[in-house]
Amino acid sequence: MAKATYTAREAAQALGISLDTLRRWDRDGRIRTKRDSANRRVVSAKEIERLRGSDGLQHMSARNRFSGTVSDVRIEGLLAQVEILVTDPVRVVAIVTRDAVEELGLKPGAPATAIVKSTSVMVES
């Protein structure tokens with residue numbers, strides 16, 4: 001982090017959250033913000049590091065993480081479909097890049113964790 005303080009938008013981007021989430025966290029007391037001379041939220045670099053964790057990675061709640069075993073990988077062109085069996089019969093299917101599959105070494109039988117970062121999922125038939 002090069003700067004001492006960041007705008008709310010910059011802080012949200014650094015934390016991998018939306019600006020609305022940052023505002024909600026501020027109201028709930030989950031993040032410490034200050035106000036600048038124009039009454040805008042600013043976040044210190046130390047606060048961003050505190051929330052990201054000492055390893056610099058964003059920590060997510062357990063409800064966003066689904067550990068399982070890769071049951072199928074289908075690669076077509078630049079994209080790949082990865083199926084992770086979480087608990088029989090629950091499975092998570094994700095579309096990722098071919099490069100990601102190769103970098104992560106995803107293949108049937110390999111352990112994997114699906115990290116879901118979404119506020120809603122809509123399915124209609």
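Reply: Gladly! Two strands count as paired if DSSP finds at least two bridges between them. Keep in mind that this is a predicted model.

Me: How do you know that β1 and β3 pair?
Reply: β1 and β3 share three bridges, and the cut-off is at least two, so they count as a pair. Their sense is antiparallel, and T7 stands opposite V42 in β3.

Me: What makes β1 and β2 edge strands?
Reply: The open sheet has three strands in the order β1-β3-β2, paired in the antiparallel sense. β1 and β2 (34-35) each have a single partner strand, so one side of each lacks a neighbour in the sheet.

Me: Which helix lies across β1 and β3?
Reply: That is α1, which runs at about 100° to β1.

Me: Which residues touch the most other members of the largest nonpolar core?
Reply: Of its 13 residues, these are A11, L15, I17, L22, I31, V43 and I48. α1 (8-15), α2 (19-28) and α3 (45-52) each supply at least two residues, and α1 gives the largest share, four.

Me: How do you know that the buried residues of α3 are on the same side?
Reply: The buried residues of α3 are A45, E47 and I48. They cover an arc of only 160° around the axis, so they fall on the same side of α3. These buried residues pack against β1 (5-7), α1 and β3 (41-44).

Me: What does V43 contact beyond its neighbours within four places in sequence?
Reply: Its partners include A4, Y6, A11, L22, I31 and I48.

How values were computed
Residues numbered from 1 in each chain as written. Predicted model: local features only at pLDDT ≥ 70, side-chain atom pairs only at ≥ 80, totals over all residues. Heavy atoms only, no water. Core = buried A, V, L, I, M, F, W, Y, C linked by side-chain atoms within 4.5 Å. Buried < 20%, exposed > 50% of the residue type's maximum accessible area, 1.4 Å probe, protein only. Contact = heavy atoms within 4.5 Å. Arc of directions from axis to C-beta. Axes fitted to C-alpha atoms, helices over the stretch in contact; angles between N-to-C directions.
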